[in-house]
Amino acid sequence: MDEGRQPLSRKLAIASSKINPYRLIILLRLVVLGFFFHYRLLHPVSDAYGLWITSVICEIWFALSWILDQFPKWYPIQRETYLDRLSMRYEKEGKPSELDAIDIFVSTVDPMKEPPLITANTVLSILAVDYPVEKVACYLSDDGAAMLTFETLSETSEFARKWVPFCKKFCIEPRAPEWYFSQKIDYLKNKVHPAFVRERRAMKREYEEFKVRINRLVSMAQKVPEEGWTMQDGTPWPGNNVWDHPGMIQVFLGQDGVRDVEENELPRLVYVSREKRPGFEHHKKAGAMNSLVRASAVLSNAPYLLNVDCDHYINNSKALREAMCFMMDPTSGKKVCYVQFPQRFDGIDNRDRYSNRNVVFFDINMKGLDGLQGPIYVGTGCVFRRQALYGYDAPIKKKPPSKTCNCWPKWCCLCCGSRKNQREKLKKEKKKTLKQKEASKQIHALETVKERTEDTKNENQSIVFQEKLEKKFGQSPVFVASTLLENGGIPKEVSSTLLLKEAIHVISCGYEDKTEWGKEVGWIYGSVTEDILTGFKMHCHGWRSVYCVPKRPAFKGSAPINLSDRLQQVLRWALGSVEIFLSKHCPIWYGYGGGLKWLERISYINSVVYPWTSIPLIVYCTLPAICLLTGKFIVPEISNYASIVFISLFISIAATGILEMQWGGVGIEDWWRNEQFWVIGGVSAHLFALFQGLLKILAGVNTNFTVTSKGGANGEFSELYLFKWTSLLIPPITLLIINIVAVVVGVADAINNGYDSWGPLFGKLLFSLWVIVHLYPFLKGLFGKQERLPTVIVIWSILLASILTLLWVRINPFVSREGPVLEICGLDCDD
């Protein structure tokens, strides 16, 4: 077969030597869990019945949670792309490129927390991407209507005229200048162009001057004038009031006459700030993304869209081509709604104390989901099909015609029907054809009558169809017409001025009223994690998604730079899951009868149920301290049978983790950090998200999130150990203190009571140390950068220690409840 006609990608199944033992261990672990709960339920602890029943309930929940998390990993796969075949098929020599166009969305809100220099680098990496220039359009959404962001984009567009030709001339990677010039590698390796060194030095000087200009803009923006910002022509900046301003659109690049320094065409660069007015619901990021979808449909209408955060630059210039290997595949591409890339991060220390890399999710869970129906969220670094976002159903493959069989005798025709049944079918088909011929004659006789009314009927039908589309997509004829174009594109006869006016119209704050935006069209509203909800809707329409992991990471971003910001990020994700769980879109009861597969549904259920695990988790982490302080335990005296069951359970847990790491390619340190932060996030952010979600749904108390601060490029790990107080720290601090105090009390009690008390103490100590070891990264984070405990932590510790001491004195465990035991000393005291 001609290589240009071969598939553009293929699935690579995990080696059977790795995946089959993993599946076997999962089944064995289920069996061991059965024996474990059989023993736990049939052997209650009579003198600590409350502790026992509480622990059993928690363990049952943990087992169900593990099952929900494990079975979507049953069919993990990997994928391989062929970029050379893509070029041979769609980029033939001497002909224009046939690759489909892509509109790229960059979202930003607050330039004070999302440094403009990082946003500028993201935009520059997009403009320099290895893709046909006329096929790329970059839209930056400024939801904060900040003049600083506008001026930053203006400076960026000017610097791009020099940066883009430099990147393409020398094929450099990555194409974000801040990270390219900060690489600690030999930049002369594989470079043979004689002018490279000279031009690189000149470009580095240009970039340093560009940074100075951006930093100057940032310093000027620190103090807002009393009369508000004014533009260069002296008119007030329309966005001086963040919550009351008109829609703004400015095209910086892509216009006629705006070219780079080598007179080559540049990709389109558009600034968009949607209209905001008091009294309107703006739906935060999801609303901003929907405005971008409509504005881009009017101005460029590419059939594919790429969504990136302002701090996620394109690290692999061929990332768009990687996605097109799936989207434009002639055999399976029509069913793909989006291609998700893993998130990779800069600025994280080697130990990854707070599990920022999240490699267990991206390298294990996501590969498992890809083998089912695809990744379950439309996150940053995702290329998706515009038609799928509009709520259209996936193309359904027609069923092949039923087979006929003329075999003999009758009994061999049970699978296909007897010969008698087949003859009856043939007779029915003949009758049907005769009826069709008669009907065609009658239709031909009435053609003259129909011709007179045909134009009127067609006009009426088109009006009804147009009204139906406007009810779904809104009152914009230009945008509604664009939704019917599967391959994208805009009419050439319409002037750019009229298109800009229409784009301003579709980003107005009242445009979505009485439409299906946010319900069935675009990013779905109702949750701060709109990416999960939107992906769920697409999968319910029968689409499938793809997980692409190229050798060179496609995108890289900035992770939260300290413990408090990391917990705030996890809180936002967990709250979104709680909102979905309590809404009509909960995957437990929504979307049946659609195109969602069962294992994919289980993965979605797991994604919205996990915050509820915080309640049994925080209870289970408190039980060790209670056991040590009261002298009771949740397990009776262990027999030989019980020892075998417990050891088998621990071995199966360890084996599952080891085999997961093996087929997922995850290191043991990354896996262990993930386990630790699962406990840290579970007893803090997930718990708060649960209560905030319940307050929002039941009492209408809304929660406003601040934008997570992004790490700057100056100074490696500069603020990684910075301590910020937040109420999210209270539950883990409490658990740490009570478990540490309980260990001290338990050891003191054993020393006081003698050698025989050390045996029962051993299991309780292991239980409590399990909690302390999992919270160890959190304990390190409390010390902050100064390697000393902050004052608020000292005060909280003293308060808790005092309460526990008073309770300990009140309980008085060293004295028998029947009173002091008086032994006969052998002396007659009466004498």
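Which residues line the largest cavity? Ala388, Leu389, Gly391, Glu520, Gly522, Ile524, Thr534, Lys537, Met538 and His541 do. The model is predicted, so local features need pLDDT of at least 70 and side-chain atom pairs count only at pLDDT 80 or more, while totals for chains, interfaces and linings use all residues. Residues are numbered from 1 along each chain as its sequence is written, and side-chain values use heavy atoms, with hydrogens and water left out.

**Cavities**
- Searching the whole structure turns up 3 cavities of 30 Å³ or more (a cavity is a set of points, on a 1 Å grid over the protein atoms alone, where a 1.4 Å probe fits but cannot get out; lining residues have an atom within 4 Å of a point).
- The largest cavity has a volume of about 50 Å³, the space filled by probe spheres set on the points, which are joined across faces, edges and corners.
- Two or more lining residues come from each of α11 (386–389) and α16 (530–540), helices being DSSP runs (H or I, at least four residues) numbered from the N terminus.
- With 3 residues, α16 gives the largest share of this lining.
- By class, the lining has 4 nonpolar, 4 polar and 2 charged residues, where Asp, Glu, Lys and Arg count as charged and Gly is among the polar ones.

**Aromatic rings**
- There are 39 aromatic pairs, meaning rings of Phe, Tyr and Trp (its six-membered ring) with centres within 6.5 Å.
- One aromatic cluster is formed by Phe159, Trp163, Phe166, Phe170, Tyr180, Phe181, Phe196, Tyr207 and Phe210.

**Charges over rings**
- Lys472 lies over the face of Tyr392, 4.8 Å from the ring centre (the rule asks for NZ of Lys or CZ of Arg within 6 Å of the centre and within 35 degrees of the ring normal).
- Arg566 has its charged end over the ring of Phe677, at 4.6 Å from the centre.

Note on methods
1 Å grid on protein atoms, 1.4 Å probe; cavity = no way out; pocket = protein on both sides within 12 Å on 5 of 7 lines; lining within 4 Å. Phe/Tyr/Trp six-rings, centres within 6.5 Å; stacked < 30°, edge-to-face > 60°.
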